[in-house]
Amino acid sequence: MEPGDGPGPVPEAGPRVGPVPEAEPRFRPYRHPAAGWGAAKSVARFLVDERALVDGPRAIMRMNHEDGGFDCPGCAWPDTKGLHLDICENGIKHVTWEMTRKRVGREFFAAHSVTELSGWSDHDLEDQGRLTEPMVYDPGSDHYVPIGWKDAFEVVGTALRGLDSPDRAAFYTSGRLGNEATFLYQLMARELGTNNLPDCSNMCHEASGRALQASLGTGKGTVDLKDWESADALFILGVNAASNAPRMLTALAEADRRGAQIVHVNPLVEAAATRTIVPHDFTDMALVRSTRTSTLNLQPRIGGDMALLRGMAKAVLAWSASDPRALDAAFIDRHTTGFEEYRALCEATPWEELEHQSGLSRTDMLGAARVYAEADRSIVSWCLGLTQHEHGVDTVREIVNLLLLRGNVGREGAGPCPVRGHSNVQGNRTCGVDHRPTDAFLDRLSAACGIDPPRAPGMDTVRTIRAMREGRVKVFVGMGGNFALAAPDTPATYAALRSCDLTVQVSTKLNRSHVVHGRAALILPCLGRTEKDHQRGGVQSTSVEDSMSMVHLSVGMKRPASPYLLSEPAIVAGMARAALPDSRTPWDWYIEDYDRIRDTMAQALDGFEDFNRRVRLPLGFRLRQPARELVFLTPSGRAEFSAAALPDVVPRQGTLALGTMRSHDQWNTTVYSDNDRYRGIKNLRTLVFMNRADMRERGITDMGPVDIMSTAKDGSRRYLNGYTAIPYDIPRGCAAGYMPEMNVLVALGDYSTQSDQPIMKHVNVTIVPAAA
């Protein structure tokens with residue numbers, strides 16, 4: 001039986017993530033513009049609470065600058081040329097949270113056992129402050145105790161050298177890791193002999209990469225900010241921009257002012273899909289003058305986006321019979337393959353089925369199609385609302401199908417645009433963190449670095465968890481993030497980590513992954529992105545890649561939180577030296593001057609030629625994108641239409657489709673408060689948003705207590721009890737709630753057969769009034 005099977009509550013199923021509420025929960029629908037004075041007030045309160053009234057504004061003035069400064073460690077939205085306050089509420093909170101004056105040193109760990117800390121909320125763990133020195137778990141006392149860096153590296157080296165196979169180790173990354181550290185990290189793993197490089201992309205945008213690779217021969221979007229500035233229509237699918245990519249609001253407001261059409265597609269009408277006041281627009285702030293961020297809002301059922309997209313394509317194809325201009329026939333003929341099969345599929349799909357699966361009316365779909373057909377240049381942008389489904393790859397390929405019909409690829413103001421959720425998650429993949437590397441990549445790596453990398457595919461996140469739990473992976477190294485909370489099936493993930501011989505967490509702050517650990521455990525504290533990185537060659541810079549393929553430098557501005565912190569590249573090099581004593585890789589030489597790492601990356605990575613010069617240009621440089629130039633690296637040499645069957649996403653009678661999401665006052669697994677301003681929530685996280693008719697049908701009252709049960713593909717069940725039901729504007733048959741609390745409902749075996757991503761946006765649940 002899987003953890004969570006059986007009729008009762010699951011141990012550790014629902015740890016409290018946020019702080020203990022200081023007042024009664026409250027729900028009041030939010031009816032104000034996104035950002036604006038609400039964001040300004042929230043930031044001011046946060047700076048006061050964190051005692052950062054000096055450091056916070058200083059950091060704000062140095063963040064996301066084209067002429068230097070550090071890159072925001074939050075979202076991956078590109079920096080804007082000439083904008084000196086290219087910041088947002090969540091970015092400021094993220095940076096201030098990192099710059100806290102609070103410290104977690106040996107005195108803290110001496111005073112608190114791991115057993116005690118395990119009972120703390122995740123908010124309280126992170127709120128203790130910055131980690132200051134390396135620590136090792138002492139099982140005799142159940143405390144973390146200090147350890148020197150040399151000895152810590154030797155613990156890692158001894159464990160890795162003692163494995164009977166390098167595939168007994170797994171090397172995880174979150175999106176915060178810079179390109180230089182990423183390159184060294186994957187080099188260490190491959191020199192050791194494994195491709196076990198799971199990463200956060202396996203849980204977020206794996207579907208996007210696989211779909212775009214299959215359709216266009218690239219794993220990335222093809223547009224940049226200049227395209228956003230010239231598009232006639234913007235389609236935003238499955239994105240809560242105000243919280244997940246707040247700087248997108250600037251682009252949306254500017255699009256509305258120039259008369260572009262903006263269509264938001266999301267089961268919930270989020271604040272970013274209504275109006276905004278951009279904080280750095282001082283005139284609008286002074287006049288409290290808002291700007292529209294949408295011209296049309298559509299609310300499909302959870303998972304219904306593919307049916308909507310096919311309905312739009314069906315309409316465009318039908319109109320082309322009387323108006324040939326509805327299609328770009330020359331583009332289709334010259335650059336694509338599979339069109340006739342796709343046309344036949346669209347024509348054979350009845351409108352009744354499209355309405356049933358999308359949850360939208362034919363009129364709704366025709367309205368969106370009309371916007372698309374009348375726009376000369378269209379961009380379709382999407383996030384996890386489309387990818388964390390069984391059919392995520394097919395849905396993203398359907399986006400490309402729609403774009404190809406009118407030649408909206410490879411020209412200005414048009415194309416596909418995935419919105420990455422973390423500041424360098426795309427750079428991690430570009431620079432080699434990939435459990436399925438191509439032979440071409442491995443060949444270049446071998447030539448540049450003089451190693452013989454393994455060729456067999458490694459394990460992704462889900463398979464790594466399973467392998468750890470089964471004892472096949474003995475050593476887990478996590479570079480950043482909070483793996484214990486970010487992964488699905490919380491009890492299974494906890495059991496997996498505890499089954500390891502050694503877990504190593506490279507972190508800036510204390511989190512759940514430090515108290516859910518292997519038989520041996522290390523905490524290795526690293527510099528934050530805001531801090532100066534002093535090496536023998538002077539203060540170093542690192543590079544990151546944003547979600548539109550721009551690579552630029554980031555240079556910290558603050559004194560490190562502790563003199564005992566090391567940079568992420570230095571930590572990787574220290575582990576590598578200990579694990580690979582006979583290595584000919586010049587690890588120490590690389591760390592003296594990161595330009596040396598970049599020179600090697602220029603040899604090993606396609607598109608990084610002349611890296612050190614180009615990355616120092618204002619805003620850096622954009623990586624080559626063959627599909628942007630109408631060069632399609634697919635088997636056919638053309639852009640390929642997909643003809644996938646439409647999935648059945650309608651919930652079974654009596655069940656609901658539940659999607660997990662972040663609150664506004666949250667960044668990934670870091671929760672700043674129990675508030676969600678844009679959804680009208682105060683002092684509450686253990687909630688579920690429901691359609692009022694679904695609530696009434698089940699005898700659930702407004703703000704009433706409910707029990708939630710998920711049913712996995714294998715029939716096993718998982719539970720969350722005593723949650724609060726919030727009546728919300730969401731389609732019938734749908735529900736939503738916060739991750740990471742609801743990750744327990746996502747069974748480890750419930751991952752997409754198309755992308756291997758956990759299905760965190762389409763969980764089959766039953767919700768009933770809470771048992772007395």
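Predicted model: local features only at pLDDT ≥ 70, side-chain atom pairs only at ≥ 80, totals over all residues.
Student: Which residues of helix α17 are buried?

Tutor: In α17, which spans residues 351–358, the buried residues are Trp351, Leu354, Gln357 and Ser358.

Student: What puts these residues on the same side of α17?

Tutor: The arc they cover around the axis is only 135°, so they lie on the same side of α17. In an α-helix there are 3.6 residues a turn, so residues three or four places apart point the same way.

Student: What covers the buried residues of α17?

Tutor: The cover includes α14 (305–320) and α18 (362–374). After α17 comes glycine 359, with a positive phi near 80°.

Student: How many disulfides does a search of the whole structure find?

Tutor: The search finds 0 disulfides. A disulfide is a covalent bond between the sulfur atoms of two cysteines, and the cut-off applied here is 2.5 Å between the sulfurs.

Student: What about cysteine 449?

Tutor: Its closest cysteine sulfur is in cysteine 431, 12 Å away, and that is too far for a bond as well.

Student: Why is cysteine 449 called buried?

Tutor: Its relative accessibility is 16%, and buried means under 20%, so cysteine 449 counts as buried. Cysteine 417 is also buried, at a relative accessible area of 1%.

Student: Why is the contact of arginine 292 with aspartate 256 called a salt bridge?

Tutor: The closest N and O atoms of arginine 292 and aspartate 256 are 3.1 Å apart. The rule asks for a distance within 4 Å, so the pair qualifies by that definition. Arginine 292 lies in strand β11 (residues 291–292) and aspartate 256 in helix α12 (residues 248–257), so the bridge ties together parts 36 residues apart in sequence.

Student: Are arginine 292 and aspartate 256 buried, partly exposed or exposed?

Tutor: Aspartate 256 has 15% relative accessibility and counts as buried, whereas arginine 292, with a relative accessible area of 39%, is partly exposed.

Student: What makes aspartate 588 and arginine 577 a salt bridge?

Tutor: Their closest N and O atoms are 2.5 Å apart, and the cut-off is 4 Å. Aspartate 588 is in helix α28 (residues 587–592) and arginine 577 in helix α27 (residues 568–579), 11 residues apart. Both count as partly exposed, aspartate 588 at 46% relative accessibility and arginine 577 at 36%.

Student: Why is arginine 624 called exposed?

Tutor: Its relative accessibility is 55%, and exposed means over 50%, so arginine 624 counts as exposed. Aspartate 606, with which arginine 624 forms a salt bridge at 2.6 Å between the closest N and O atoms, is exposed too, with a relative accessible area of 54%.

Student: How many salt bridges are counted by this rule?

Tutor: The count comes to 51.

Student: How do you know that β33 pairs with β25?

Tutor: Pairing requires at least two bridges, and 3 bridges join β25 (residues 656–661) to β33 (residues 763–769), with the strands running antiparallel. Alanine 657 has asparagine 764 in β33 as its bridge partner.

Student: What links β30 to β33?

Tutor: β30 (residues 705–711) pairs with β33 over 5 bridges, in the antiparallel sense. Opposite valine 706 stands proline 769 in β33.

Note on methods:
Residues numbered from 1 in each chain as written. Heavy atoms only, no water. Buried < 20%, exposed > 50% of the residue type's maximum accessible area, 1.4 Å probe, protein only. Helix = DSSP H or I, 4+ residues; strand = E, 2+ residues; numbered from the N terminus. Arc of directions from axis to C-beta. Contact = heavy atoms within 4.5 Å. Salt bridge = Lys/Arg side-chain N within 4 Å of Asp/Glu carboxyl O.
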